[in-house]
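Read it with the structure open, and find each residue as it is named.

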Amino acid sequence: MEIRKSLTITKYLLKNYVINPFVKKFKKALLSIAVIGLIMGVVVFAPITLLDHEANKTEGRPFKESFREILLRLGLNKYKLVDILSSLLTLSPLLMVITGKAAIRVIEEAEYELLLAQPLDMSTYVLGRSFMELAQMTLMSLPYFGFVPLISQISGGNWGKAFLFPPVLLTIIAYFSVISTLVNVIRISFMEKEWLMKFTCLAYLLIAAFHSILTLRPSPLLKLPFRYLAEAAIYCATISEDLQDVLIRWELSLGILVLLLLLTVKLAGRVPAEYVRPISELMKEARSKAFKTGASLYSADPEEALFRYVFSFDVLTLTHLRNLLIVLAVSGGSGLVFLHVAPKLGFDPRNASFITTFIIPLMVSEMASFLVGQAIAKDLSAMWMFRVYALELKPLASGLLLKHSMYFSEAFLTIALFDAIVREDPRLLLEPLIVLPITIFTSFVLLVVTTYLASKRKIVKQMPTGLYMFEDIALLVVTVIVILTYFSATLLFKEVLIPNFTFQTASLSILLSITISWALHKASSRILADVTRLYDLAS
């Protein structure tokens, strides 16, 4: 291992990943900083303003007491928060060993092709890359200082601990980076015994989970390994612990972090260079695996084969079903937690119309617009091939409409499940079916608009990760259309249809929705097929 070469690697990686992108997109970078600053201001000062206002209306208690009262209503104190955070820190390496593929992941193929072609040993490379990640995280952690006023308020005006909170938070993020590299290095170094490592970590996790269930609190197996780091973070916002208490725990955590980094560098010498893998390559392997285990694409009819490729390959797979079940589980779990927590905060969850009508649809529509935009970009990237070789484009249009309508309907189902649990009204689960015509029409509009934009300029770009994305203007158009759709459909269903919902109106609405959706799909498939044939993509 050579420190000078490691620092050289750090310099060039920083230029590639941080400095050059910032210089090339200086205006966008400044805009991003301004947006982050605005968000940080809202996150920091909104709770202080609201709780201070509420305190002045009631007993005149300061913000720190109001905040603590909320935590106590939720059954949380500093000791429980430390237990939760330390357990999460311990869970991360265990889950990394049990799941995922053993590899040192890099973002760009150029790093893999250039650096590993140089006369470098792996210890030097891993140390240089670790320095780069730490420097990058340090630069990105500057907005964390926006939390200083909030932490100062909670800790009773202790500005020393407040200013120590951002470095402690940075240490936690650095821990995840170092532990991720260490886990992959260990798995690669002992590849022939990887099954034993997975079995050991799984057994450890099961024993800790069983003990936690028996005692109704996090097991010492989970909360002890990284407790000092969790205490350093939580004690920044307490009153009874002083600055020295936080400093001692933070210094111990830094020492542990340095030891983990040294162990990583030491073991990296046993790692072959072939295990440094670009993310795009790993994603292609995962997609190839899904292709082998997914729906069959073979058909004697070319049109049927095209439809299966566009629709079945992406939707009718176990991976898609697994992801959907995970999202629904998170939505349902969040609804149950909100239903349990809201009364402790003094309001009826069934009357939380602002959250269920605006906040949740906004969050889901933002995520849906990103994912659907990504999917449409991938479809458009291969459109030239379909236009050249396909005998008929109607199966392509039909598959695209069904696929993206399915994505939108799943997002509506996520919203409906949360609403049904919070409002305790199972009728809300009918939302995806009732608004299906709006969903299909939105998919049609998105596909037509993005196809037209793609004929005028190159709007699809491939990221270093191998994913396809829209450029800024196209992504903005997709986002606006998707958000308007979710808000209008949610308001129409909840404020107009639900108040007048009976068995007869529900049955009639479902029948009309299915009929209109079928007719709309047939008509829009023909129009979209003509659009894709008419507009050639700009190169």
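In this predicted model, helix α4 (residues 78-98) and helix α9 (residues 194-215) have axes that come within 8 Å and cross at roughly 140 degrees. The crossing of α4 past α9 is left-handed. On the α4 side, the contact is formed by L91, L94, L95, V97 and I98. On the α9 side, M197, K198, C201, L202, Y204 and L205 take part. By class, this contact has 10 nonpolar residues, no polar ones and 1 charged residue.

A second pair is α15 (residues 318-341) and α18 (residues 394-423), with axes that come within 8 Å and cross at roughly 25 degrees. Angles under 35 degrees count as roughly parallel, so α15 is roughly parallel to α18. Here α15 passes α18 in a right-handed crossing. From α15, the residues in contact are H320, L324, V327, L328, S331, G332, S334, G335, L336, F338 and L339. They meet Y407, E410, L413, T414, L417, F418, I421 and V422 of α18. The contact of α15 with α18 divides into 12 nonpolar, 6 polar and 1 charged residues.

The crossing of α6 past α8 is right-handed. In α6, the contact uses V126, E133, L134, M137 and T138. In α8, it uses L170, I173, A174, S177 and T181. This contact holds 6 nonpolar, 3 polar and 1 charged residues.

How many cavities of 30 Å³ or more does the structure hold? There are 2 cavities of that size. The table lists their volumes.

| Cavity | Volume |
|---|---|
| Largest cavity | about 70 Å³ |
| Second largest cavity | about 40 Å³ |

The lining of the largest cavity is made up of T171, Y175, F226, Y228, L229, S253, I256, L257 and L260. The elements that give two or more residues to this lining are α8 (159-189), α11 (227-235) and α12 (243-268). Of the elements, α12 gives the most, with 4 residues. By class, the lining of the largest cavity has 7 nonpolar residues, 2 polar residues and no charged ones.

Which residues line the second largest cavity? They are S130, E133, S177, V178, T181, L261 and T264. Two or more residues of this lining come from each of α6 (122-140), α8 and α12. The largest share, 3 residues, comes from α8. The lining of the second largest cavity divides into 2 nonpolar, 4 polar and 1 charged residues.

Helix α12 contributes 4 residues to the largest cavity and two or more residues to the second largest cavity.

Key. Residues are numbered from 1 along each chain as its sequence is written. This is a predicted model: local features need pLDDT of at least 70, side-chain atom pairs count only at pLDDT 80 or more; totals for chains, interfaces and linings use all residues. Side-chain values use heavy atoms; hydrogens and water are left out. On a 1 Å grid over the protein atoms alone, a cavity is a set of points where a 1.4 Å probe fits but cannot get out, and a pocket is an open set with protein on both sides within 12 Å along at least five of seven lines; lining residues have an atom within 4 Å of a point. Grid points are joined across faces, edges and corners, and a volume is the space filled by probe spheres set on the points. Ala, Val, Leu, Ile, Met, Phe, Trp, Tyr, Cys and Pro count as nonpolar, Asp, Glu, Lys and Arg as charged, and the others, Gly among them, as polar. Axes are lines fitted to C-alpha atoms, for helices over the stretch in contact, and angles run from 0 to 180 degrees between N-to-C directions. Angles under 35 degrees count as roughly parallel, over 145 as roughly antiparallel, 65 to 115 as roughly perpendicular and the rest as oblique. A crossing is left-handed if the near helix is turned anticlockwise from the far one by less than a right angle, and right-handed if clockwise. Contact means heavy atoms within 4.5 Å.
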